[in-house]
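Please load the model in your viewer and keep the selection tool handy. We will go from stop to stop, with a note on what to select at each one.

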Amino acid sequence: MFATLRVLGVPFAFLWGLWVAARRLSPRSAAPSRDPHGLFAATHSITAGVVTLVVFLVYTQFENMCSTR
């Protein structure tokens, strides 16, 4: 997530990347709706918000697919 936010030019990308990483360590944080980094990115620009949410959803689906095998 850090890389996505950094490429999009969203401020505080490193802090959001740390926050997402910490949340992903918790087994109860699987719901992407509880992760507001997409909304924060949307305050930077609507395109950044949409791209961030899409990347996060794709990453979550990929992670879930790999963990079930």
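**Stop 1: the aromatic rings**

Searching the whole structure gives 4 aromatic pairs, where rings of Phe, Tyr and Trp (its six-membered ring) pair if their centres lie within 6.5 Å. Select Phe12 and Phe40: the ring centres are 6.4 Å apart and the planes meet at 50 degrees, so this pair is tilted (under 30 degrees counts as stacked, over 60 as edge-to-face and the rest as tilted). The pair connects distant parts of the chain, 28 residues apart: Phe12 sits in the loop between helix H1 (2-8) and helix H2 (13-25), and Phe40 in helix H3 (residues 37-44). Helices here are DSSP runs (H or I, at least four residues), numbered from the N terminus.

A word on the model before you move on: it is predicted, with local features needing pLDDT of at least 70 and side-chain atom pairs pLDDT 80 or more, while totals for chains, interfaces and linings use all residues. Residues are numbered from 1 along each chain as its sequence is written, and side-chain values use heavy atoms, leaving out hydrogens and water.

Now colour by accessibility. Phe12 is exposed at 55% relative accessibility, whereas Phe40 is partly exposed at 25%. The cut-offs are under 20% relative accessible area for buried, over 50% for exposed and in between for partly exposed (1.4 Å probe, protein chains only).

Next, select Trp16 and Trp19 in helix H2, 3 residues apart, about one turn of the helix. Trp16 is buried at 17%, and Trp19 is partly exposed at 31%. Show Phe12, Trp16, Trp19 and Phe40 together: they form one aromatic cluster.

**Stop 2: helix H4**

Select residues 46-67, which make up helix H4, with 22 residues. Which residues of H4 are buried? They are Ala48, Gly49, Thr52, Phe56 and Thr60. These cover an arc of only 95 degrees around the axis, so they lie on the same side of H4; the arc is that of the directions from the helix axis to the C-beta atoms. H1, H2 and H3 are included in what covers them. Turn to the face away from the buried side to find the exposed Ile46, Thr47, Val58 and Gln61.

**Stop 3: Thr52**

Finally, zoom in on Thr52 in helix H4, buried at 0% relative accessibility. A polar atom of its side chain lies 2.6 Å from the backbone oxygen of Ala48. Beyond neighbours within four places in sequence, Thr52 is in contact (heavy atoms within 4.5 Å) with Met1, Thr4, Leu5, Leu8, His37, Gly38 and Ala41.

How values were computed: Helix = DSSP H or I, 4+ residues; strand = E, 2+ residues; numbered from the N terminus. Expected span 1.5 Å × (residues − 1). Polar contact = N/O pair within 3.5 Å; in protein donor to acceptor, adjacent residues only side chain to side chain.
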